[in-house]
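Me: I am new to this structure and would like to understand the words used for it. Please take me through them with care.

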Amino acid sequence: MSYVDLNPIRVGMAENLEASSHTSALGRIGQIKSDAKDAAQLLRCIRSSLSSPTLPLTVADYLEVIDWTARLTRADNRGVIDAAQPTLLRKLGLTERQWSTQVLGTETRYWRAIGGAQSLIAKAAALSQSWLKGIGSAQSLMRLRPT
């Protein structure tokens, strides 16, 4: 989801999340502007059959971490806004390096699906395949997690 939300910024079509047309981030920002209480709601999929949150993070957490990631992807914007590491990364047990390696390497590290190693193994089995590109990247992310 963050990969898609960051596409307009990465390719230079938008300067920031607020200018990123046709993204869930822009929809979530509009939601918060309509009702600030929505920022504290747990993040849910937009237009999905899943009714419960899939990650323990709020809409505000998600927007903070992708805004921070956008500044990493747009080097020309660095220094304009403070790029302090979001607290969400600590909540998820990830370092700045782990997050940026995963998000900025999406096109080269994964193919067909993105997720945890077990989810990718299950997806490969569902596709009658023995593996999917990305299983090794997902496993290495878990090995690098701080304890």
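Reply: A word needed at the outset is contact, which means heavy atoms within 4.5 Å. By that rule Val65 touches Pro86, Leu88, Leu89 and Trp99, with residues up to four places away in sequence not counted. The model is a predicted one, in which local features need pLDDT of at least 70 and side-chain atom pairs count only at pLDDT 80 or more, while totals for chains, interfaces and linings use all residues. Residues are numbered from 1 along each chain as its sequence is written, and side-chain values use heavy atoms, with hydrogens and water left out.

Me: What makes the pattern of the protein α-α-α-α-α-α-α-α?

Reply: Helices (H or I, at least four residues) and strands (E, at least two) are DSSP runs, numbered from the N terminus. The protein has eight helices and zero strands, and reading along the sequence therefore gives α-α-α-α-α-α-α-α.

Me: How do you know whether Thr108 is buried or exposed?

Reply: The relative accessible area of Thr108 is 58%, and exposed means over 50%, so Thr108 is exposed. Thr108 lies in helix 6, residues 106–109, and the C-alpha atoms of Thr108 and Lys133, which are 25 residues apart along the chain, are separated by 9.2 Å.

Me: What makes a group of residues a nonpolar core, and which residues have the most contacts inside the largest one?

Reply: A nonpolar core is a set of buried Ala, Val, Leu, Ile, Met, Phe, Trp, Tyr and Cys residues joined through side-chain atoms within 4.5 Å. The largest such core has 21 residues, and those with the most contacts inside it are Leu63, Val65, Ile66 and Trp99. Two or more residues of this core come from each of helix 1 (2–10), helix 2 (24–34), helix 3 (59–73), helix 4 (87–92) and helix 5 (96–104). Helix 3 gives the most to this core, with eight residues. Apart from it lies another core, of eight residues, among them Ala113, Ala124, Leu132 and Ile135.

Me: How do you know on which side of helix 7 its buried residues lie?

Reply: In helix 7 (residues 117–126), the buried residues are Ala117, Leu120 and Ala124. They cover an arc of only 65 degrees around the axis, so they are on the same side of helix 7; the arc is that of the directions from the helix axis to the C-beta atoms. On the other side of helix 7, Gln118, Ala125 and Ala126 are exposed.

Me: What makes the phi of Ser128 worth a remark?

Reply: Most residues other than glycine have a negative phi. Phi of Ser128 is near 60 degrees, a positive value in a residue other than glycine. Ser128 is placed in the loop between helix 7 and helix 8 (135–144), and Ser128 is exposed because its relative accessible area is 69%.

Methods:
Buried means under 20% relative accessible area, exposed over 50%, partly exposed in between (1.4 Å probe, protein chains only).
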